[in-house]
Amino acid sequence: MDYHFVYKDVEGTSTEWDDIQRRLGNLPPKPEIFKPPPFAPSEDPELRLKSKDWIDERTAEELEGLEDDPDIDDNRFLEEYRKRRLAEMQAAARVARFGTVLLITGPDFVREVSQAPSDVWVVVLLFKDGIPGCELLLQCLEELAARYPGTKFVKIISTDCIPKYPDHNLPTILLYNNGAVKGTYVGLHHFGSRRCTPEAVALALCKCDPVLNDGNNTCGLSKNAVVEGESKRLIEKFVKQHEDEEDYSSD
């Protein structure tokens, strides 16, 4: 049997004849010797030195799991920073849970309203589609819900909540806290009737209780902040409206 062998020299080497031919331009230049990139193992995040920046990258669940981490326990600064960072994230999560007016049905009422946490006020709007007063008040509540995400806002068709509830009582607002009704507002006249504004609604709701909460303060401080802030907004709105009317009349 005839065997043919092909002998291959070390990569990058060439004969003297090939070198002469390359100098004369009869052969192409020698290809560069292949050099693989240096090996660099990927960084294991668990092996990184734990620092302030490392803690900032962790989620709330991961921070809770670091409670017994020896690297953290041995560093008083990192342990205090971990606790503070976890508290900030938990506080932000509590604030972010609301912020809109949630549509609920009768079967949802107990879960969404009566069983709400004791530190959460719930503003319940009884409404029906096609009633102008309901649409106006809903617009105001939507603005307040975004402004005060520490308060829960829900809306429910009136007869889903209270069977045979008369339409002439709409819109109606019920205030709930700790599973009990704390206030009832029937009709728009509590909020300025057709001149109803988000600021007027806010001031009426917080007249006796700290209903609206921005999620950043204690209940008492939040109530004072709401009254002061909404009063200022209401005055600014009326001043601007008066100026606009004067500009219009002068034209």
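## Start in the sheet

Select Trp121 and you'll see that it stands opposite Asn177 in E4. Before going on, note that this is a predicted model, where local features need pLDDT of at least 70, side-chain atom pairs count only at pLDDT 80 or more, and totals for chains, interfaces and linings use all residues. Residues are numbered from 1 along each chain as its sequence is written, and side-chain values use heavy atoms, with hydrogens and water left out.

Now colour residues 121-127 (strand E2) and 172-177 (strand E4): they pair in the antiparallel sense over 6 bridges. Two strands pair if DSSP finds at least two bridges between them. The names come from DSSP runs numbered from the N terminus: helices are H or I with at least four residues, strands are E with at least two. Strands of a sheet pair through backbone hydrogen bonds, either parallel or antiparallel.

Zoom out, and which order do the 5 strands follow? They run E1-E3-E2-E4-E5 in an open sheet with mixed pairing. At the edges are E1 (101-103) and E5 (180-186), each pairing on one side only.

## Across the sheet

Next, select residues 132-147. This is helix H7, which lies across E1, E2, E3 (152-157) and E4, running at about 160 degrees to E2. (Axes are lines fitted to C-alpha atoms, for helices over the stretch in contact, and angles run from 0 to 180 degrees between N-to-C directions; contact means heavy atoms within 4.5 Å.)

## Rings and a charge

Show Phe109 and Tyr176, an edge-to-face aromatic pair with 5.5 Å centre to centre and 75 degrees between the planes. Phe109 sits in helix H6 (residues 109-114) and Tyr176 in strand E4, 67 residues apart. Then jump to Tyr185 and Phe191, a tilted pair: 5.6 Å and 35 degrees. Rings of Phe, Tyr and Trp (its six-membered ring) pair if their centres lie within 6.5 Å; planes under 30 degrees apart are stacked, over 60 edge-to-face, the rest tilted.

Over at Phe127, Lys155 lies over the ring's face, 5.8 Å from its centre. (That takes NZ of Lys or CZ of Arg within 6 Å of the ring centre and within 35 degrees of the ring normal.)
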